[in-house]
Structure formats: structure tokens, C-alpha cells
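Me: Could you walk me through this fold with a few questions and answers?

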Amino acid sequence: MINNMASTPSQQPTKRPLNVLQRSLNRKVAVRLKSEIEYRGKMSNVDSYMNLILVDAEEFDGSDLLANYGKVVIRGNNVLFIKLEKEF
């Protein structure tokens with residue numbers, strides 16, 4: 001039987017991006033799309049395809065605020081990166 005856990009106490013188990021996102025629900029995030037548009041808001045849901053729902057979302061182009069939204073649904077295949085934020 002193969003053991004996937006770390007063999008020594010100094011090694012930490014591998015962090016999986018989806019698990020990190022699921023543990024970070026209701027935290028503020030910044031989501032950059034492949035189109036260079038960025039959304040910032042509170043992540044209320046994420047699924048296995050990394051589709052996201054943000055509430056109290058703001059849309060930015062660079063540092064310029066373009067719009068405020070109550071809720072935004074972002075399809076996972078459009079996402080370039082997701083940054084967990086402590087504060088904006």
C-alpha cells in the first residue's frame with residue numbers, strides 16, 4: 001500500500017487550490033480574468049470547475065473602478081488568477 005501522506009513531520013501535505021478556495025468562503029478575493037478585467041468582492045461560493053460567485057463585487061480595469069455589482073458569477077475558464085485578500 002502506498003502512503004500519500006508526508007513521511008516526516010517537517011513536510012506538510014500538499015495544498016490543493018480548490019480546497020484552499022473552499023476553506024476561504026466569505027472572504028474577500030480579487031479575481032483577474034484573462035481579459036485583464038479584475039473583480040473584487042466577497043466569495044460566496046466556488047465549485048469544482050472554479051466557477052465563482054462574488055457578492056458586493058466591484059469591476060476594475062487596472063486601478064480604474066468601472067462598476068459596482070450586487071452579485072457576479074464568474075466562469076472558471078475565464079479566470080487567470082484568484083488572490084485571497086486580507087484587505088484591499
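Predicted model: local features only at pLDDT ≥ 70, side-chain atom pairs only at ≥ 80, totals over all residues.

Residues are numbered from 1 along each chain as its sequence is written, and side-chain values use heavy atoms, with hydrogens and water left out.

Me: In what order do the five strands of the open sheet run?
Reply: Strands here are DSSP runs of E with at least two residues, numbered from the N terminus, and two of them pair if DSSP finds at least two bridges between them. β4 (64-74) and β5 stand at the edges with a single partner strand each, so one side of each lacks a neighbour in the sheet. Pairing is antiparallel, and the order is β4-β3-β2-β1-β5.

Me: Which residue of β2 is the bridge partner of Val-31?
Reply: Strand β1 (residues 28-33) pairs with strand β2 (residues 37-46) in the antiparallel sense, over five bridges. In β2, the bridge partner of Val-31 is Tyr-39.

Me: Is the pair of Tyr-39 and Tyr-69 stacked, edge-to-face or tilted?
Reply: Rings of Phe, Tyr and Trp (its six-membered ring) pair if their centres lie within 6.5 Å; planes under 30 degrees apart count as stacked, over 60 as edge-to-face and the rest as tilted. A search of the whole structure finds one aromatic pair. Tyr-39 and Tyr-69 have ring centres 6.5 Å apart and planes at 45°, so the pair is tilted.

Me: Is Tyr-69 buried, partly exposed or exposed?
Reply: Buried means under 20% relative accessible area and exposed over 50%, with partly exposed in between (1.4 Å probe, protein chains only). Tyr-39 has 13% relative accessibility, so Tyr-39 counts as buried. Tyr-69 has 36%, and therefore counts as partly exposed.

Me: How far is Arg-40 from the ring centre of Phe-60?
Reply: A charge sits over a ring if NZ of Lys or CZ of Arg is within 6 Å of the ring centre and within 35 degrees of the ring normal. Arg-40 lies over the face of Phe-60, and its distance from the ring centre is 4.1 Å.

Key
Helix = DSSP H or I, 4+ residues; strand = E, 2+ residues; numbered from the N terminus.
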